[in-house]
Amino acid sequence: MRLYLASTSPARLQTLRAAGIEPIAVAPGVDEHATVARHEELHGPLGVESMVQLLAQAKAEALLGREPGGEPIDGLILGGDSAFLVDGRIHGKPHTPEVARERWLAQNGGSGALWSGHWLIDHRGGRVNRAVGRAAVATVRFAELDEAEIDAYIASGEPLQVAGAFTVDSLGGPFIRGVEGDPSTVVGLSLSTLRELVRELGVAWPSLWNR
């Protein structure tokens, strides 16, 4: 059974590899801001859970009709998205050092909820058979950093392209005091949730092992 990952996130790729799965990773090419803006214009503001699910679905569906490696997709397509909720505000990727620093000063020594959306399409036989999705959430508790540590972390560049401006599996790991929930949720892909979705589609989880 082949898993197609609608993402080029190194963290998601490494998480799947550590779980015994070597996916075919394909950049979905989804404009996240435009997708959310278009939906909100038609249906009103999105909460964090609805937002990550909307984007996870959009990314998975962006692979439909594609032929990675010149072959039609035959297997499962996974789309994912993450956002961090702290003090009632939704934080995606900060992109700039200024925004990353502002966020760290606000969340320093505190906690927040990392939401990860999942959308899984059964595309066995080269056609859409069924799709299922679910979001997962984990609470993250931060250590108390001094400003020199915050500045050094931001200067590394790592926080700029990740939801919440932190990682748990790389340079940011020592700055995390604890995680409540599936730890893999914090890297953007809840393995326990993915297993549940895979089984809902009638696929045995071990059938994905290919490493």
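Contact here means heavy atoms within 4.5 Å. The model is predicted. By that contact rule, Arg12 touches Leu5, Ser7, Gly80, Asp81, Ser82, Val187, Gly188 and Leu189, not counting residues up to four places away in sequence. The points below cover this arginine, the salt bridges and the nonpolar cores.

**Arg12 and Asp81**
- Arg12 lies in helix α1, residues 10–18.
- Arg12 is buried but has no salt bridge, and the nearest side chain of opposite charge, Asp81, is 5.2 Å away.
- Asp81 instead forms a salt bridge with Lys59, with the closest N and O atoms 2.9 Å apart.
- Asp81 is in strand β3 and Lys59 in helix α3 (residues 48–61), so this pair ties together parts 22 residues apart in sequence.
- Asp81 counts as buried at 5% relative accessibility, and Lys59 counts as buried at 7%.

**Other salt bridges**
- The count comes to 10 salt bridges.
- Glu147 and Arg101 meet at 2.6 Å, N to O; the pair links helix α5 to helix α4, 46 residues apart.
- Glu147 is partly exposed at 47% relative accessibility, as is Arg101 at 26%.
- Arg134 pairs with Glu196, the closest N and O atoms being 3.1 Å apart; Arg134 lies in strand β6 and Glu196 in helix α6, so parts 62 residues apart are tied together.
- Arg17, Glu22 and Arg211 are linked in a salt-bridge network.

**Nonpolar cores**
- The largest nonpolar core has 20 residues, and those with the most contacts inside it include Phe84, Trp104 and Phe142.
- β3, α4, β6 and α5 each supply at least two residues of this core.
- Another core, of 16 residues, lies apart from it, and Leu197, Val203, Trp205 and Leu208 are among its members.

Methods:
Residues numbered from 1 in each chain as written. Predicted model: local features only at pLDDT ≥ 70, side-chain atom pairs only at ≥ 80, totals over all residues. Heavy atoms only, no water. Core = buried A, V, L, I, M, F, W, Y, C linked by side-chain atoms within 4.5 Å. Buried < 20%, exposed > 50% of the residue type's maximum accessible area, 1.4 Å probe, protein only. Helix = DSSP H or I, 4+ residues; strand = E, 2+ residues; numbered from the N terminus. Lys, Arg positive; Asp, Glu negative; His and termini not counted. Salt bridge = Lys/Arg side-chain N within 4 Å of Asp/Glu carboxyl O.
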